[in-house]
Amino acid sequence: MSAEHAIEIDRYGGPEELVWREVRRAPPGADEVRIRTLYAAVNRADLEIRRGDWPIVCSEPFPYTPGLEVVGVVDDVGDRVTGVWPGAHVITMMQHLGGIWGERPGGYGEFVVVPADTLATFAPEVDAEQMAALGLVAVTAAEGLARLDLPPGASVVVHGASGGVGSAAVALASARGAEVIAVLPRAGKDDYVRGLGAARVVHLDASGLLAALGPRSVDAVLETTGARTFADSTAVLRRGGRLCLVGALTGAQLSLSAWDLLQELRLTGWSSENLTGDELREHIALIAELVHGGLLPPPAIHRFAMADAAAAHEQIEAGELTGRALLVP
Ligand SMILES: NC(=O)c1ccc[n+]([C@@H]2O[C@H](COP(=O)([O-])OP(=O)(O)OC[C@H]3O[C@@H](n4cnc5c(N)ncnc54)[C@H](OP(=O)(O)O)[C@@H]3O)[C@@H](O)[C@H]2O)c1
């Protein structure tokens, strides 16, 4: 057992429950890898779990270390591990790391132990901080866009376009030749999303999406906001259009008009709860290539000392951050 530090919570509550303390953790098992954390990105789900809005399902959840994803360097490998070596740059996410399953401590720690098959490696010349900032939100954007199956030149609405998922989706879709319509709650971040490749920007406080675009006018929608926009998202789709929902930031109870659904719409969704190691490796290979080539700009990065994770949670809850908060041990 080695001594190291990690954030833990002993009960649900506010950011002040996030305490940096010494922990003693076992070395990796035969099929596991120990990672020295370089960056742990903060996700909204971490806040929901901390508050108790998305309770941990195991019988004795506390003490609990949050964190759904980590970028780091392999520190130690178990006896049966092949294909990963000490010193390799890796990223891991979800697959029961730090989520509601409470099976193992999450990413807010100096070291993280995970099964070897939950990792993706990337070349040391790829910027690790940019990979961490893209991480889960870029994988989510990639999975959502894959379900939209956009032909070149297709028009796609991206909700929450200035956010983590949305900004990665704007960059990935426009890099593939789609015409991206970026949706923002209000004016102010237009230059940012246009810089990522958006051809047009819609502000929800100025007009609803339907009023701005007109009925049956676009090929696809990547939905991240949910309740506030879902009816309009289906109304703007052309006959046979596709929608993939990956987030419901404004509420999970959705409505739509039956007349829109009759237009042979294809509505689906994706959750990173279902991400596998093979899928992660496939996406990270592409994301790392785009990052290295400067073709996938990361969201704005805000660094926090990991011991000060509470400040990151506070600022996200107050709506003060655009982009990604990264915890640095
Ligand atoms: N399916 C999955 O596995 C998965 C994975 C990751 C995330 N998600 C979900 O995806 C959603 C977006 O995550 P994220 O990390 O991209 O969040 P984020 O970085 O906070 O971005 C949120 C985006 O939505 C906009 N927004 C905020 N409040 C809004 C409102 N009331 N009406 C319309 N737009 C609003 C924000 O605009 P401003 O910047 O102007 O505030 C921003 O563009 C969340 O619900 C998250 O839980 C799902």
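**Figure 1. The aromatic pair of the predicted model.** The structure, which is a predicted model, holds 1 aromatic pair, a term used for rings of Phe, Tyr and Trp (its six-membered ring) whose centres lie within 6.5 Å, with planes under 30 degrees apart counted as stacked, over 60 as edge-to-face and the rest as tilted. A pair of aromatic rings is described by the distance of the centres and the angle of the planes.

Residues are numbered from 1 along each chain as its sequence is written, and side-chain values use heavy atoms, with hydrogens and water left out. In this predicted model, local features need pLDDT of at least 70 and side-chain atom pairs count only at pLDDT 80 or more, whereas totals for chains, interfaces and linings use all residues.

Figure 2. The bond from F62 to P63 is cis, with omega near -5°, and P63 lies in the loop between α1 and β4. Most residues other than glycine have a negative phi, and most peptide bonds are trans.

**Figure 3. Residues with a positive phi.** Q95, a residue other than glycine, has a positive phi near 50°; Q95 belongs to the loop between β5 (89-93) and β6 (111-115), and this residue is buried, with a relative accessible area of 13%. Phi of R216, again in a residue other than glycine, is positive and near 50°.

**Figure 4. The salt bridge between D260 and R216.** The structure holds 17 salt bridges, each being a side-chain nitrogen of Lys or Arg within 4 Å of a carboxyl oxygen of Asp or Glu. In one of them the side chains of D260 and R216 meet at 3.3 Å, N to O. This pair links distant parts of the chain, 44 residues apart, since D260 is in helix α7 and R216 is in the loop between α5 (209-213) and β11 (218-223). D260 counts as buried at 11% relative accessibility, whereas R216 is partly exposed, with a relative accessible area of 37%.

**Figure 5. Further salt bridges.** R238 forms a salt bridge with D219, the closest N and O atoms being 2.8 Å apart. R238 lies in strand β12 (residues 237-245) and D219 in strand β11, so the bridge ties together parts that are 19 residues apart in sequence. Both ends count as partly exposed, R238 at 35% relative accessibility and D219 at 29%. Elsewhere, salt bridges that share partners join E8, D10, R21 and R25 into one network. R11 and E17 form another salt bridge, in which the closest N and O atoms are 2.7 Å apart; R11 is partly exposed, with a relative accessible area of 48%, but E17 is buried, at 13%.

**Figure 6. A charge over a ring.** R34 lies over the face of F111, at 4.1 Å from the ring centre; a charge sits over a ring if NZ of Lys or CZ of Arg is within 6 Å of the ring centre and within 35 degrees of the ring normal.

**Figure 7. Two cysteines, seen by their accessibility.** The count comes to 0 disulfides, a disulfide being a pair of cysteine sulfur atoms within 2.5 Å. C58 counts as partly exposed at 24% relative accessibility, whereas C244 is buried, with a relative accessible area of 0%.

**Figure 8. V202 and E22.** V202 lies in strand β10 (residues 200-203) and counts as buried at 4% relative accessibility. The C-alpha atoms of V202 and E22 are separated by 48 Å, and the two residues are 180 residues apart along the chain.

How values were computed: Buried means under 20% relative accessible area, exposed over 50%, partly exposed in between (1.4 Å probe, protein chains only). Helices (H or I, at least four residues) and strands (E, at least two) are DSSP runs, numbered from the N terminus.
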